[in-house]
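Here are my notes on the model you sent over.

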Amino acid sequence: MSEATVSRVLNGKPGVAATTRQTVLAALDVLGYERPVRLRQRSEGLVGLITPELENPIFPALAQVIGQALTRQGYTPVLATQTPGGSTEDELTEMLVDRGVAGIIYVSGLHADTNADMQRYERLRAQDVPFVLVDGFSPKVQAPFISPDDRAAMSLAVTHLVSLGHTRVGLALGPKRFVPVQRKIEGFVRAVQDLLGLSPGTIETELVQHSLYTLEGGQAAATALIDRDCTAVVCASDMMALGAIRAARQRGLEVPDDISVVGFDDSPLIAFTDPPLTTVRKPVPAMGQAAVRTLLEEIGGTPAPHSEFVFMPELVVRGSTASAPARTR
């Protein structure tokens with residue numbers, strides 16, 4: 001690319017193809033140069049993607065789908081990750097806005113936390129930065145939301161386990177303040193009530209165990225549920241499910257002969273664990289593409305309805321679930 005072309009872009013002169021102009025601006029951004037003030041608004045090039053930690057493979061999987069969809073549309077994705085002790089969501093947002101991004105996609109952010117102040121999103125809207133929120137919901141925020149149907153996911157898992165003869169089914173999941181957690185509990189309680197006739201109070205006190213969304217968290221929650229005679233455990237993430245399998249083995253139990261385990265997400269490589277994990281598949285490609293399509297409509301000035309787009313999960317049956325052990329049937 002010639003110096004003359006770059007000069008024309010920097011000086012806002014005509015005669016440069018739109019894709020070339022985007023390439024020059026994106027290069028400036030990546031190299032950390034300040035854009036000339038008059039070009040900052042014309043940043044079709046960059047779209048921010050803010051995710052939680054990348055240790056859970058579902059987040060890189062979603063980032064990959066979103067990144068590819070943005071690239072196909074001529075945008076440059078900028079991945080910003082929240083890490084414990086690292087940058088907060090607000091700091092990452094400020095950094096992206098300072099870079100003049102065309103829009104931001106939030107995955108499992110503060111919008112999913114019922115304790116968080118939702119004013120931050122209204123302030124962002126006031127700055128004319130379009131955004132889309134994935135995995136979480138708040139009626140206080142005027143924006144498009146993209147979610148899996150968490151209630152339906154639990155219904156699929158519980159129905160599968162009850163059909164195998166399980167009558168003590170536990171649920172291991174994250175902290176109660178998160179919207180997806182609350183929805184999973186609702187779906188789980190309704191399914192267990194309908195299929196096994198237990199009261200909601202009994203289900204919540206005996207069969208629901210909160211922990212952290214990690215392998216260790218799943219292990220701790222499953223240990224508590226095994227102690228309450230559960231022969232099957234539904235987990236709110238595949239990472240937690242791997243922890244549940246570890247908990248069972250520490251007790252000298254076989255999965256699935258003595259206890260069945262169901263994950264959630266169908267994250268990469270989870271089909272190859274020992275045993276291969278039965279899980280509820282989050283529709284990641286559909287959700288990621290919808291997030292990008294919705295954001296580009298916002299950027300283009302024809303916003304999608306400010307409501308929630310809910311995507312149906314599916315049960316993937318593998319080797320970690322089997323008939324309830326004979327002693328309990």
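Predicted model: local features only at pLDDT ≥ 70, side-chain atom pairs only at ≥ 80, totals over all residues.

1. Salt bridges overall. Searching the whole structure turns up 14 salt bridges, a salt bridge being a side-chain nitrogen of Lys or Arg within 4 Å of a carboxyl oxygen of Asp or Glu. Residues are numbered from 1 along each chain as its sequence is written, and side-chain values use heavy atoms, with hydrogens and water left out.

2. Arg-177 and Asp-113. These two form a salt bridge, with 2.9 Å between the closest N and O atoms. Arg-177 sits in the loop between β6 (169-173) and α7, while Asp-113 is in the loop between β3 (103-107) and α5 (119-126), so the pair ties together parts 64 residues apart in sequence. (Helices are DSSP runs of H or I, at least four residues, and strands are runs of E, at least two, numbered from the N terminus.) Asp-113 is buried at 9% relative accessible area, whereas Arg-177 is partly exposed at 34%. Buried means under 20% relative accessible area, exposed over 50%, and partly exposed in between, using a 1.4 Å probe and protein chains only.

3. Arg-168 and Glu-206. Here the closest N and O atoms of the salt bridge are 3.1 Å apart. Arg-168 is in the loop between α6 (150-163) and β6, and Glu-206 is in helix α8, so this pair ties together parts 38 residues apart in sequence. Arg-168 is partly exposed at 24%, and Glu-206 is partly exposed at 33%.

4. Glu-204 and Lys-176. Their side chains meet in a salt bridge at 3.6 Å, N to O. Glu-204 belongs to helix α8 and Lys-176 to the loop between β6 and α7, so parts 28 residues apart in sequence are tied together.

5. How do α7 and α8 pack? The axes of α7 (residues 179-196) and α8 (residues 200-207) come within 9 Å and cross at roughly 120 degrees; axes are lines fitted to C-alpha atoms over the stretch in contact, with angles from 0 to 180 degrees between N-to-C directions. Ile-185, Phe-188, Val-189, Val-192 and Gln-193 in α7 meet Pro-200, Ile-203, Glu-204 and Leu-207 in α8, where contact means heavy atoms within 4.5 Å.

6. One more to look at. Asp-266, Arg-281, Glu-314 and Arg-318 are linked in a salt-bridge network.
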